[in-house]
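Let's take a walk through this model together. Have the coordinates open in your viewer as you read.

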Amino acid sequence: MKKSKSLHISFLGAAKTVTGSMHLLEAEGGTLLVDCGLVQGRRKESQHANRHLPAAATSADAVVLTHAHIDHCGNLPGLVKAGFKKDIHCTAATADLCHYMLLDAAHIQESDAAWLNRKHGQEAGWEDIVPLFTQADARAALERLVPHAYGEEFEPIAGVKAHLIDSGHILGSATVVLDVKAARGRRRVVFSGDIGRRNLPILRDPTPPKDADYVVMESTYGNRQHAAVEEMHEQLLEAIESTRKRGGKVIIPSFSLERTQEIVYALNELRQAGRLGPIPVYLDSPLAVSLTEVFRRHHECFDAETTAFDKAHGDPFGFDMLHMVTSLEESKALNGLDQPAVIISASGMCEAGRIVHHLRNNIEDSRNTVLIVGYQAQHTLGRRLVEGRDRVKIFGVERDVRARIRVLNAFSAHADRNELLWWAKACGKKVKKFFLVHGDEDQCEALGKHLEAEGRKAFVPSQGERVEI
Ligand SMILES: [Zn+2]
């Protein structure tokens, strides 16, 4: 791309939608890509977008990555496969989490392609599907990661000084603050990344940037309010105790990154406080077990409360009743378990992975509880359970839903409307415009109206739009 005299931002992904985060800053000294996420959703559309990265992205002079969620980092292997050979800057915890997240994503791409080719290979005219990227591509992307501490200054492209501040969303998550040399003086351009909630367990509260001129801001819950974070423990305890009284099991479909560690830590706190009686807890997900190890290595990301807990009781992510399950044999052995227990497993939306087996084995027993602790997208098994269907199809077989389905809505890693407005206000009075991204259109528009009511300028860009700042 030609070097530009003025500053531009291009919205290459997550415009009026929530996946495929990707934005490009064009400055005098080059171009800088912020995030390179996978588009998730209907197979055909998402595959097309993921396979055809814009040339402006693959030819960028550097990448800054906000965090290790797949909708932000998941297409870095695709970017490298398409020829990107420059640095990818992120926090140290994000780099460590990406190690497992990207190799897992590549493994899924490889096995999906292999499965489809096996299924359709004999059909006339079938052309073998090539995986979007492979584990070798993921390893090549991982080699490009350059870790930084929060607050450390670095220069990803000439004339742009950058630092990362804590966005309080998941371990290692960051808001990117860029001080950009421009024809009309220095400009501070901020990319919020995903913004967390205040008082979330484990993490510090989000740090809003100071003195920003332009802010690209997430809007996932631009028009919603969550239950108070403090209700998390009570809801969890009540669900487990009532299930235990019935002699049943609690099945928790959980995202491997962050939500799982939050639940494990909450159970540990309840156990240490003497409020949770002895009940075996199984964490049945090899990815979640590996990611939990990364949490243990990154104390620098903990909030004061977790640091104090660590000092007083040791490991926040381990306690007497917790069993880490990695092998398939151990996982299968849980099928024969006939006593109260908690089973935490992935995937979070019940679409794949070991959780589907646990649901099949436990959904028809009225003593059991399925505890929903995360967002359930449309057309997923998790969503059908939340909708209260009497019967659901699991592995192609209709099953009666006799287990109790409970939704704990205090668990969310995203700020709600009031928390987003608090964050925006704290960005300072200088902000000339908020660009609202990473939200469905209604959420972005609603957040824009709230900001305008407070005398701010807000704009909701479209996919591919390029604006001068
Ligand atoms: Zn995220």
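What spacing do the donors of the zinc ion follow along the chain? In this predicted model, the pattern of the zinc donors reads H-x1-H-x99-H-x24-D. The residues behind that pattern are His67, His69, His169 and Asp194, with donor atoms lying 2.2 to 2.3 Å from the zinc ion.

Now for the overall layout. The protein splits into two parts, domain 1 (8-224 + 413-468) and domain 2 (231-407). Each of them gives 22 residues to the contact between them. Here are the values for the pair:

| Item for domain 1 and domain 2 | Value |
|---|---|
| Separation of centres, over C-alpha atoms | 28 Å |
| Area buried between them | about 2,000 Å² |
| Share of that area on carbon and sulfur atoms | 68% |

On the domain 1 side, Tyr100, Leu171 and Ile202 lose the most area to domain 2, and together they make up 35% of what that side buries.

Polar links cross the interface too: six residue pairs are in polar contact there, and one salt bridge is found between the domains. A salt bridge also joins Asp96 and Arg297, whose closest N and O atoms are 3.7 Å apart.

Note on methods
Residues numbered from 1 in each chain as written. Predicted model: local features only at pLDDT ≥ 70, side-chain atom pairs only at ≥ 80, totals over all residues. Heavy atoms only, no water. Donors = N, O, S within 2.8 Å, 3.2 Å for Na, K, Ca; no water. Domains from an automatic or database assignment. Contact = heavy atoms within 4.5 Å. Buried area = accessible area lost by both parts, 1.4 Å probe. Salt bridge = Lys/Arg side-chain N within 4 Å of Asp/Glu carboxyl O. Polar contact = N/O pair within 3.5 Å; in protein donor to acceptor, adjacent residues only side chain to side chain.
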